[in-house]
Amino acid sequence: MTGPLDRFCPVLLHSPLGAAADWGSLPDDLAARGVETVVVAVTDDDRPPYAARYVARASLQIAAAAPARPLLLVAAGAAGPLVPAVAAAQRAARRTVAGYLLVDALLPQPGTPTRAELAAAQQHLDPPVRPPDFFTEPLPMTADWPDAPCGYLRTGDGYAHSAHLAELRSWPVRRKHGEPLADALEALAAQVWPDDV
């Protein structure tokens, strides 16, 4: 089976509030389709500066994987606001970032807001599984982003407002309805890159 994801190397960025295992069978499902995939597993962002540690560790893992195709950053949850910084690190290393797919994620916004400010603005409440300063530290600056095509995948109701904000930005937004996550991402990618189907 071929589709628009075949042109890219999806980089799966788990939420800093979770783990790479939260992606479930997605990495294996993409591999079964022949899609080169990098699964980032950040486990050492447990002290300040949390965001910088996450971005640095993700960037090192992407570099170690040495993907051959242009990168498609796929961010979940609280990783959403970090994708501009991850992308900037990839561009600095001369890797191409072709686009972004956010999965039940907070949207990045200009300036240096905190996670708490983004969650309040996007009407989402994360569980307090991290120290309070995790939510109140300023995030890396987001300027002139997005710099590539974006899409938003909503799998439930928790990020409904973020999905609505993505629609207001004229991004393709898709709602997952029971199909495997790989199928939903493939369908969303077909909306973002319709000429590649």
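Q: How far is the sulfur of Cys9 from the closest cysteine sulfur?

A: In general terms, a disulfide is a covalent bond between the sulfur atoms of two cysteines. In this structure, which is a predicted model, the sulfur of Cys9 is 18 Å from the closest cysteine sulfur, the one in Cys150, and that is too far for a bond. Cys150 is likewise in no disulfide, and a search of the whole structure finds zero disulfides.

Q: How is a pair of aromatic rings described?

A: Such a pair is described by the distance of the ring centres and by the angle of the planes. The count for this structure comes to five aromatic pairs. In one of them, the rings of Tyr50 and Phe134 have centres 5.2 Å apart and planes at 75°, so the pair is edge-to-face. Tyr50 belongs to helix 2, residues 50–65, while Phe134 belongs to helix 5, residues 132–136, so the pair ties together parts that are 84 residues apart in sequence. Both Tyr50 and Phe134 are buried.

Q: Which residues do ring pairs link into a cluster, and which residue lies over the face of Phe134?

A: The cluster linked by ring pairs consists of Tyr50, Phe134 and Phe135. Over the face of Phe134 lies Arg115, at 3.9 Å from the ring centre.

Q: What are the distance and the angle between the rings of Tyr100 and Trp145?

A: The centres of these two rings are 4.9 Å apart and their planes stand at 65°, so this pair is edge-to-face. Tyr100 sits in strand 4, residues 97–105, and Trp145 in the loop between helix 5 and strand 5, which makes this a link between distant parts of the chain, 45 residues apart. Tyr100 is buried, with a relative accessible area of 0%, and Trp145 counts as buried at 13%.

Q: How many salt bridges does the structure hold, and where does the one between Asp183 and Arg33 link the chain?

A: The general idea is that side chains of opposite charge can pair when their charged atoms come close. The structure holds nine salt bridges, including one in which the side chains of Asp183 and Arg33 meet at 2.1 Å, N to O. Asp183 is in helix 7, residues 181–192, and Arg33 is in the loop between helix 1 and strand 2, so that distant parts of the chain, 150 residues apart, are linked. Asp183 is partly exposed, with a relative accessible area of 29%.

Q: Which residue does Asp45 meet in a salt bridge?

A: Asp45 meets Arg130, with a distance of 3.1 Å from N to O. Asp45 lies in the loop between strand 2 and helix 2, and Arg130 in the loop between helix 4 and helix 5, so the pair ties together parts that are 85 residues apart in sequence. Asp45 is buried at a relative accessible area of 4%, and Arg130 is buried at 18%.

Q: Which residue forms a salt bridge with Asp147?

A: The partner is Arg91, the closest N and O atoms being 2.7 Å apart. Asp147 lies in the loop between helix 5 and strand 5 and Arg91 in helix 3, so parts 56 residues apart in sequence are tied together. Asp147 is partly exposed at 41% relative accessible area, and Arg91 is partly exposed at 33%. Elsewhere, salt bridges that share partners join Arg33, Asp183 and Glu186 into one network.

Technical notes:
Residues numbered from 1 in each chain as written. Predicted model: local features only at pLDDT ≥ 70, side-chain atom pairs only at ≥ 80, totals over all residues. Heavy atoms only, no water. Phe/Tyr/Trp six-rings, centres within 6.5 Å; stacked < 30°, edge-to-face > 60°. Helix = DSSP H or I, 4+ residues; strand = E, 2+ residues; numbered from the N terminus. Buried < 20%, exposed > 50% of the residue type's maximum accessible area, 1.4 Å probe, protein only. Lys NZ or Arg CZ within 6 Å of the ring centre and 35° of its normal. Salt bridge = Lys/Arg side-chain N within 4 Å of Asp/Glu carboxyl O. Disulfide = S-S within 2.5 Å.
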